[in-house]
Amino acid sequence: YCTPHRDECVDPLVSSLYANSFLASSRYNFLYSANFAKLYGSSGWSPSPRDRQPWLQIDLKRKYRIQAIATQGTFNSYDWVTKYTLLYGDRPDSWTPYVMKGGNSTMPGNWNYHQVKRNVFHYAFTAKHIRLLPLGWNTENGGKIGVRLEVFGCAYDSYVMQMNGDDSVAFMFPGKRFRTLQDHFAVNFKTLEQDGLLLHSEGVQGDILTLELRKGRLVLTIGLGSSTVNQVDGRTTMTVGNILDDQHWHYVTIKRYGRQVNFTVDAHTETAISKGDFTYIDLDTQVGLIEPNVPHLPEVPNFRGCLENVFINGINVINMAQDQEPEIRIPRQPMTFAGPNNYLQVPGFFRKPRMFVKFKFRSWDYTGLLMFTRFADDLGALELGLSEGQVNVTLFQPGKKKLQFAAGYRLNDGFWHTVDVAARDNLLSITIDEEEGSPLKITNPFTVRTGDRYFFGGCPKTNNTIRKCETKLNHFHGCMQQIFIDNEPVDIDIILQRRWGRYAELLLGTCGITDRCTPNPCEHEGRCIQSWDDFICLCENTGYKGEVCHMSVYKESCEAYRLTGKSWSGNYTIDPDLSGPLKPFEVYCTMKSDKAWTIVMHDRINGIKVTGSTVDRPYIGDVNYWNASWDDVTALANTSMYCEQWIDYSCYKSRILNTPNGRPYSFWIGRNNESHEYWGGAFPESGKCGCAINQTCTDARFHCNCDADYRQWYSDKGYLMWKDHLPVRKVVVGDTNRTGSKAHISLGPLRCHGDRSIWNTISFTKPTYIEFPTFRPGSTVDISFHFKTYRPHGVFLENSDDWLRNFIRIELNTTQNLVFIFMVGDGILNVTLRSPVPLNDNEWHFVQAELNVKLARIKVDYQPWAVRRFPGQTFVTMEFTHPLLVGAANRTLWPFLGCLRGLRMNGATLDLEGKANEEQGIRRNCTGQCLNATIPCRNAAQCIEGYAAYTCDCGNTAFDGFYCHKDIGAYFEIGSWLRYNIRKKPTTNEEWWANWLDPHYHNFSLGYNDTSDEIEFSFSTFQTPAVLLYISSFVQDYMAVILKKDGTLDMRYRLGLITHKYQLSFRNLADGYPHYVNITRHNRTIRTQVLWELVEVDVHIVTPLSLSLTPSEVGDIDYEIQRHNSPGLVGCISGVRYNIYAPLKTLFRPNETEPPVTVQGFVSESNCGAFPPVHGYVPWEADHWFTSIGETTYPRSIIVVAAAVILLFIGLYSIYIYLYRYKGSYHTNEPKNFLESPGGSSSRPLTGTLEKKRYPAIEEDFRSD
């Protein structure tokens, strides 16, 4: 008996065979014969191009245990097979298809001619003959079928016994007694019968061992002893497998040690603990193989089929019984109808007045043609079809209405069913499953003359209209056997050899039916319905949906309903673990504007009256929550942000905590069956009631009102608010047995709000990842989470095995592509969702992904699903070994920088916040570098979050640079000016009213804000007078900022005929230093600031035309403006901004071809007296010296050298400042030759207010100019 270890059973079996062991359906020519099909050979096998069903067969000369197969294409060619089916068997006329996990019999082949594709079988099988059926091959560059192969395994000793149902072999136990602590039984069998007894033995003490087939499933009954006195039933029943009556070899092993039993059929193992208290099995005299006439099993038929290698605790029973082997009849071999156009045509006796047809079939399909025959002399035709689980009989007669009737019920259950049809003139009868007592008979006038052709499984495509097979039914998919025509058995081999019949897409000698509903692939009690090549799940009334009933129909909490727009209170069904194992249940949701309360009622709402209880025999009141199990309510409390439950202990001479030994009289039991001694209103583990916390107890000596033990009613009540202890499961009362003592306990509903799973949020600010335990999803996985980021790519999560042969990954591939990548059984596949909008817009996006045996899909927000459907018979294997990584793939590969929240996998929430670590770059909540920026964005610039870094948007400012800190200034010489045109034509009354009624009407905009203004700039000069800024309109209204002759600053408004004057500064500002000016208007109120001087006035401005620095001639200019405009500004002005308009930035940093700026005279860019640079934070993405985020240990010598360099730099810098103070080099027209620095702003320093000091050297430079 060969039971080698899997890794040792890998001997090559084909390479040593001679040429006569190879056989093929045909060959391309002599050089491509079957005997050249050896791995690494110099040629290979190729069939004839005219061969429509090619096959390659190998005779191994003896039986082997097969573990793997390897294939190549034909040497140095374009010929190779891409997929194939493998058949095996003990004889060349009886084949079993190898079926992979998931029920798929198609095996992957090669992708070129030279590389070896090795397929390791997930269960070993025994065979003497191997047949390979090519299903697909390379067709490019003239390619065809080409095969070289090798089979790996080891020798297998086979002892076979054939049983016909009347035979039995009994193994006599040594010493006529069998008493063991451990056992090992092994038996291989194959049969076509769905019921049969294989092994049976009993003992006088109730011990029993029975192995039998029941409806194609193997059932083991084992008992180690029973007792009628003590009412102990020690029998344990285990069921494994399905459709075991398929004439294929099945391998059964029973291992027992004491009460533990392992029951294995093929590759499926079930484990159980035997009932009762016994560990030995005691059997009497013998164990029987196919026991005849067992008195306790009268309803079980004996086994009919073949047995192989029957071992009982190492003893070869068949080898011992070979001399007693009886003569056995072998059932005829089945055939498989597996193609879209399959059929079988067999001959019949022509023009006979009686017709008899009998056959067996099995199928999962609802419809299909079973048999069709056309009568002779054009008398009509007879059709047998499978329709909705019944056999429909249709009799066609020329010129008459067809006759139809049905027989049988649920015949598409996958089991063998017999159909027996008999017909003669005016009478037709049909019998299903040989129920002779109730055949269906039809008596109508018709004539029967048998035809010469019978078609089974379908009709061929032919143009012969005389004897044509015509039907509207689909082709039959399933198995047939034991076909009789006119009481004569149909020998398929002889018929085909003599060319009396034909067939197409038929597998002879095997039944390849597969049960795809065992084990049930439908989750949450969904009902599985299957066909020949697929299955569907019916999810009605389960609370779940999807291809395998995996996704919950309901939301996880009342809070989730509120966030989806449900604003009305009422009864809702929630599912706290979504696709997890817990069932949905109904709760009451109280919807508020800011939260949603979840309320779960129970059966103790009306209170409990207790008397007669003691500490030793207390009253225990169980709390049963409505519509929900204990696990359901616990899951709700786990996922909520806050929970509470009201409890009221009313007492009449009944104490709670006041006991002499410290053991409380009464307490309550909450989650995890833990008892708690604190009561409503008190803190956890305080051992008090609420009155002790509030210091309102009746007797200050005690911690509860009831502990005063008065003969009057008192109560201790309040809310239990420690969420981890809720909900209340039991209430225990122990002091109501004294005279007059009694208690009344009231317990309110469980009330919770919030959802921790929705708001569990972290942000990744460095390239890093989070590890969670290995994800073990089974065959279905669903993932959901929210994210936001600015980066165009990044991996959200990944889980894999050691060699990345099994993994799942979700990543942002580009700004608009979200990808679900996986390798779970058939190579690397992916589903890509292409979003019409960018996903890296720093806004929250909701991602959902699902993977099962039917499909993989992914969606984001409200966009439609991106779906990839799998072919039928797909098997999904998700066996990961590495930890689940969140935030990166394969240890910081393609890191994600941004925020994640609400990550769920198969309904379970992953605690992201529990993994927060600031040092590693993982923060709680969604915060990045903008929150605590080393140097914040200056001058009202917007901080753009980058999580690992940040950038400053200077678009609406008058500044430039990384931090929007750099002034854009200009030096004006005598007579020079700059004008910025805001509008080219005035606003009409119609346009103004249209904009007032609808700001978005025809996309029309006024181009300015008529309710508020903000003006800011900085200037420095020695010359007076000067007009610094002038805003004009299409009428004579204007606004101007004037530097008067005495150096003071005025602001002038002209509205209509009146000119308003406001003095902004009373000191002389023509001192050569930068001075900052800010003018802000809201409606009719203006606030101005010049350095620290604040002024507030009340005005109104009209439609602006242009903004001018040292204004040009625009219409008629007021005399006062002209008087101060000569000779104009000679100096520097910077940081100029009027609302969203920045004239100097538009001039020196244009972002359009023709900017609306006009310049006259010499205007050059200048730094306007900027201070030396102050270097700030450099983001890691822009730092060329950045290597990793790990900790780095530096040598002590490097630290010393670095410190010396820093001290030297500080010294040189101090010398520089000293020299700069007494010998300045201020240049007023220094275009674009200055350092970009956060300190380079003449308007606002980065840190604090810069001290304004007079520098004599600078004054000398100006005066010398």
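This section reports the cores, a sheet, the aromatic contacts, a helix and selected backbone features of a predicted model.

Residues are numbered from 1 along each chain as its sequence is written. Local features need pLDDT of at least 70, side-chain atom pairs count only at pLDDT 80 or more, totals for chains, interfaces and linings use all residues, and side-chain values use heavy atoms, with hydrogens and water left out.

The largest nonpolar core has 52 residues. A nonpolar core is a set of buried Ala, Val, Leu, Ile, Met, Phe, Trp, Tyr and Cys residues joined through side-chain atoms within 4.5 Å. Buried means under 20% relative accessible area, exposed over 50%, and partly exposed in between (1.4 Å probe, protein chains only). The residues with the most contacts inside this core are Phe785, Ile808, Phe822, Leu851, Ile858 and Val886. Strand E55 (residues 781-789) gives the most to the core, with four residues. Helices (H or I, at least four residues) and strands (E, at least two) are DSSP runs, numbered from the N terminus. Contact means heavy atoms within 4.5 Å.

An open sheet of seven strands has the order E28-E27-E26-E25-E32-E23-E35. The pairing is antiparallel. Two strands pair if DSSP finds at least two bridges between them. The edge strands are E28 (403-407) and E35 (502-504), each of which pairs on one side only. The twist averages 15° from one strand to the next. For such angles, axes are lines fitted to C-alpha atoms, for helices over the stretch in contact, and values run from 0 to 180 degrees between N-to-C directions. Strand E27 (residues 390-396) is joined to E28 by five bridges, and the two run antiparallel. Across this pairing, Leu395 stands opposite Leu403 in E28.

The count of aromatic pairs comes to 33. Rings of Phe, Tyr and Trp (its six-membered ring) pair if their centres lie within 6.5 Å; planes under 30 degrees apart count as stacked, over 60 as edge-to-face and the rest as tilted. Phe337 and Phe476 form an edge-to-face pair, 5.8 Å centre to centre with 70° between the planes. The pair links distant parts of the chain, 139 residues apart. Phe337 belongs to strand E22 (residues 335-337). Phe476 belongs to the loop between strand E32 (453-456) and strand E33 (478-485). Phe337 counts as buried because its relative accessibility is 0%. Phe476 is likewise buried, with a relative accessible area of 0%.

Trp668 and Tyr678 also form an edge-to-face pair, at 5.5 Å centre to centre and 75° between the planes. Trp668 is in strand E47 (residues 667-669). Tyr678 is in the loop between strand E48 (675-676) and helix H5 (690-694), ten residues apart from Trp668. Trp668 and Tyr678 are buried. Elsewhere, ring pairs link Tyr88, Tyr98, Phe121, Tyr123 and Phe125 into a cluster.

Charged side chains also lie over rings. The criterion is NZ of Lys or CZ of Arg within 6 Å of the ring centre and within 35 degrees of the ring normal. Arg751 lies over the face of Trp597, at 4.2 Å from the ring centre. Arg857 lies over the face of Trp865, at 4.3 Å from the ring centre.

Helix H4 (residues 630-639) is largely enclosed by the rest of the structure, because eight of its ten residues are buried. These are Trp630, Asp632, Val633, Thr634, Ala635, Leu636, Ala637 and Thr639. Their cover includes strands E41 (570-574), E42 (585-591), E43 (596-600), E46 (642-652) and E52 (750-753). Helix H6 (756-759) is also part of this cover.

Two cis peptide bonds are described here. The bond from Thr518 to Pro519 is cis, with omega near -5°. Pro519 is found in the loop between strand E36 (506-508) and strand E37 (527-530). A cis peptide bond also joins Thr1024 and Pro1025, with omega about -5°. Pro1025 lies in the loop between strand E73 (1012-1021) and strand E74 (1026-1033).

Positive phi occurs at Lys215, where the value is near 50°. Lys215 lies in the loop between strand E13 (208-214) and strand E14 (217-223). Lys215 is exposed, with a relative accessible area of 53%. Gln247 has a positive phi of about 60°, although it is not a glycine. Gln247 is found in the loop between strand E15 (235-240) and strand E16 (250-257). Gln247 is buried, with a relative accessible area of 8%.
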